[in-house]
Amino acid sequence: MEEPRRGYVDIARDRVATKTQLQSLLWHMRADTERLVAEAGPGRVDLPGVAGDWSLKDVVAHLAAWRWWSVARMEAAVQHAEPTPPWGADQSEETGVDQINAEFHAAALARSVAEVLADSRATFDRLEAATMALAEEDLFAPGRYPWLDGYRAADIVLGSAAHLYEDHEPSIKAFLAGGA
């Protein structure tokens with residue numbers, strides 16, 4: 001019997017077991033985002049075609065918008081509170097996610113590349129600060145935060161990494177290589 005394909009979060013769960021490793025993952029995500037933008041350069045960062053008609057700027061803004069939700073959840077864990085999503089759509093439904101993505105995209109259209117990058121950097125700063133503020137046992141204990149439905153707080157960071165590395169990095173790399 002063939003073993004099912006394991007995604008980034010599944011693999012990372014086996015390898016990321018300390019707060020320092022989560023911090024390192026955040027540093028890598030930040031560096032990889034910056035590297036991809038630098039590789040595109042000012043001449044290509046606004047060109048459509050990275051993800052449908054989205055540019056690299058659009059994808060970075062999209063990732064940052066979702067990372068703000070990760071920030072809100074990690075900061076809620078630090079404050080021993082339950083976060084409230086900043087949108088009205090049901091994130092568990094595909095149409096809800098599409099609606100949220102459309103709202104994020106529309107909000108980012110008028111923003112400059114510099115503004116989008118500053119926002120992205122701010123999400124990494126805040127996510128790292130919240131991660132480091134939690135005790136290691138609170139990060140890795142399943143069910144510690146009832147509103148995470150059995151997931152660990154560390155899984156918030158791992159999910160954010162999967163969003164970058166599984167969902168968007170392949171198309172960004174293909175675009176940069178001229179294959180998109």
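Q: Is Glu34 buried, partly exposed or exposed?
A: The model is a predicted one. Glu34 has a relative accessible area of 26%, so Glu34 is partly exposed.

Q: With which residue does Glu34 form a salt bridge?
A: A salt bridge is read from the distance between a side-chain nitrogen and a carboxyl oxygen, with a cut-off of 4 Å. For Glu34 the partner is Arg121, and their closest N and O atoms are 2.7 Å apart. Because Glu34 belongs to helix H2 and Arg121 to helix H5, this pair ties together parts 87 residues apart in sequence. Arg121 is partly exposed, at a relative accessible area of 33%.

Q: Which residue pairs with Arg35, and where do the two lie?
A: Arg35 forms a salt bridge with Glu169, with 3.9 Å between the closest N and O atoms. Arg35 is in helix H2 and Glu169 in helix H7, 134 residues apart, and the pair links these distant parts of the chain. Arg35 is partly exposed at 36% relative accessible area, whereas Glu169 is buried at 11%.

Q: Which residues are linked in a network of salt bridges?
A: Arg35 and Glu169 belong to such a network, together with Asp32, Glu39 and Lys173. The count of salt bridges in the model comes to ten.

Q: Are Arg152 and Asp155 buried or exposed?
A: The cut-off for buried is under 20% relative accessible area. Arg152, at 9%, therefore counts as buried, and so does Asp155, at 8%. These two residues form a salt bridge, with their closest N and O atoms 2.9 Å apart.

Q: Which residues touch the most other members of the largest nonpolar core?
A: Membership of a core is read from buried residues joined through side-chain atoms. The largest core has 43 residues, and Leu22, Met29, Leu56 and Met74 touch the most other members. Helices H2, H3, H5, H6 and H7 each give two or more residues to this core. H7 provides the largest share, ten residues.

Q: What is Leu56 in contact with, leaving aside its neighbours within four places in sequence?
A: The contacts of Leu56 are Leu36, Val37, Ala40, Val45, Leu47, Val50 and Ile172. Another core, of six residues, lies apart from the largest one, and its members include Ala65, Trp69, Trp87 and Phe104.

Definitions and conventions. Residues are numbered from 1 along each chain as its sequence is written. This is a predicted model: local features need pLDDT of at least 70, side-chain atom pairs count only at pLDDT 80 or more; totals for chains, interfaces and linings use all residues. Side-chain values use heavy atoms; hydrogens and water are left out. A nonpolar core is a set of buried Ala, Val, Leu, Ile, Met, Phe, Trp, Tyr and Cys residues joined through side-chain atoms within 4.5 Å. Buried means under 20% relative accessible area, exposed over 50%, partly exposed in between (1.4 Å probe, protein chains only). Helices (H or I, at least four residues) and strands (E, at least two) are DSSP runs, numbered from the N terminus. Contact means heavy atoms within 4.5 Å.
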